Amino acid sequence: KKTHQTMESALWEEEEVKQLNSDQQFRWISNWLTEKKLFTTLDALMEEYQLETASTKLVQPADPINTLKASFDKVHQKSILSVAVHPTKPWVFTTDSEKRLVALNSETGAVLAGDRSNNPFLGSIIAIDCHPTEDLLLIGTMDERHAVISIQETGDQLILVLEQQFHSHQKYVVRTKWSPKGDKFAVASHDRTVDFYSFDVETKQSTFLNKLTFSGAVEAICWVDDSTLVVAPRDTVYLHYVNLDNWDQTLINMNALGDTHVSFNALELVLTPCKKHLLVCTDNSRAILFKTGTDIQARVFFGAKNDGLSQPRAAFDDKNMLYLTSQDTHVYVYDTSNDTIVTSLQGHKKLIRDIKYDSKTAQLFTVSYDATIKVWGR
């Protein structure tokens with residue numbers, strides 16, 4: 001990107017360019033860069049140009065989450081594997097390697113439910129997602145299962161009730177995701193498959209829709225709207241956009257030059273709050289921000305350290321900040337308007353396993369193999 005900017009700056013000084021009006025100048029340079037394979041399409045340069053313009057005219061100075069507000073170190077005794085934040089209530093849910101599913105008051109850290117019986121399965125829960133409107137959880141486990149769990153309030157405690165469970169995979173269930181409206185969900189496994197279900201909120205029952213098989217172990221999935229799921233398998237350059245209306249798949253090449261050489265794997269997918277861009281976190285210490293539904297690389301974020309053994313996780317807040325986990329136990333904070341690191345969150349002693357942003361309180365929750373839950377704010 002820096003090389004592109006340097007060459008672009010030099011091109012502005014060309015006599016041929018100086019004689020053109022501003023619109024003609026831009027198109028001359030974009031055509032030159034496209035021809036030289038520095039951008040794969042004219043749209044890619046347009047996206048960069050629009051974002052740069054927005055960052056100089058519209059985006060306010062960086063206002064990152066940068067302060068440790070609380071650290072809960074008595075809830076878990078072993079490695080914490082995942083975290084989910086309820087969309088409307090002060091509840092946070094965490095899971096650990098002792099197979100526990102714990103519910104916390106997000107404001108006080110008080111345990112609302114934490115009995116081993118909350119997880120009736122043989123394996124630890126490694127994926128968890130809160131329903132967008134109802135008191136429901138969708139979990140995935142290391143013993144190849146997934147389940148829908150309802151959350152019931154009884155005084156100052158919560159009871160977690162198993163509504164439905166499934167055993168349709170042959171390896172770990174690594175991702176569980178409700179659709180934006182909550183009338184569907186998808187479940188991804190290292191057995192290279194993704195299962196799709198419709199869901200009835202009234203009866204709390206789901207109906208199987210389809211199973212799709214991919215070329216490699218599926219590491220990440222992300223809904224971009226209620227009828228489109230993005231799937232990221234290993235050992236391929238392609239993201240798969242699955243249309244649930246007809247089950248067609250659109251392949252998006254993640255390589256900037258459009259070639260098919262596999263130099264990284266997509267391990268995390270996160271949609272920006274505006275839904276216009278999709279973040280892809282990789283295993284080669286970079287994260288790429290694509291324009292949703294396209295191969296246009298609007299931003300590339302460097303600095304966080306994540307290799308082939310990593311499990312990077314990321315979250316966006318409401319102020320254009322990106323929070324990306326790193327193998328050095330830090331969370332790197334980026335200003336997405338100019339892809340710069342503005343600070344880092346330091347406090348965990350071991351690998352950070354998951355991260356979630358709570359829009360209700362403008363706080364960030366991180367969980368780690370050091371068995372602590374940390375709450376960050378401004």
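Reader: What makes strand β15 (residues 228-233) largely enclosed by the rest of the structure?

Author: Six of the six residues of β15 are buried, so the strand is largely enclosed. Buried means under 20% relative accessible area, with exposed over 50% and partly exposed in between (1.4 Å probe, protein chains only). The strand itself is a DSSP run of E with at least two residues, numbered from the N terminus, whereas helices are runs of H or I with at least four. This is a predicted model, in which local features need pLDDT of at least 70, side-chain atom pairs count only at pLDDT 80 or more, and totals for chains, interfaces and linings use all residues. Residues are numbered from 1 along each chain as its sequence is written, and side-chain values use heavy atoms, with hydrogens and water left out.

Reader: Which residues of β15 point one way and which the other way?

Author: Thr 228, Val 230 and Ala 232 point one way, while Leu 229, Val 231 and Pro 233 point the other way, and all are buried. In a regular strand the side chains alternate between the two faces of the sheet.

Reader: How do you know that β14 and β16 pair with β15?

Author: Two strands pair if DSSP finds at least two bridges between them. Ala 220 has Ala 232 in β15 as its bridge partner, and a hairpin joins β14 to β15 through two residues. Strand β16 (residues 238-243) is paired with β15 over four bridges, also in the antiparallel sense. Here Leu 229 stands opposite Val 242 in β16. The hairpin of β15 and β16 has four residues between the strands, and in it Asp 235 takes a positive phi near 60°.

Reader: Why is Ser 326 called buried?

Author: Ser 326 has a relative accessible area of 1%, so it falls under the 20% limit and is buried. Ser 326 lies in the loop between β23 (321-325) and β24 (331-335). Neighbours within four places in sequence aside, Ser 326 is in contact (heavy atoms within 4.5 Å) with Ala 304, Lys 305, Asn 306, Tyr 332 and Leu 351.

Reader: Which residues are closest to the centre of the largest cavity?

Author: The largest cavity has a volume of about 40 Å³. Of its 13 lining residues, Ser 285, Arg 286, Ala 304, Asn 306 and Leu 324 are the closest to the centre. A cavity is a set of points, on a 1 Å grid over the protein atoms alone, where a 1.4 Å probe fits but cannot get out, and lining residues have an atom within 4 Å of a point. Grid points are joined across faces, edges and corners, and the volume is the space filled by probe spheres set on the points.

Technical notes:
On a 1 Å grid over the protein atoms alone, a cavity is a set of points where a 1.4 Å probe fits but cannot get out, and a pocket is an open set with protein on both sides within 12 Å along at least five of seven lines; lining residues have an atom within 4 Å of a point.
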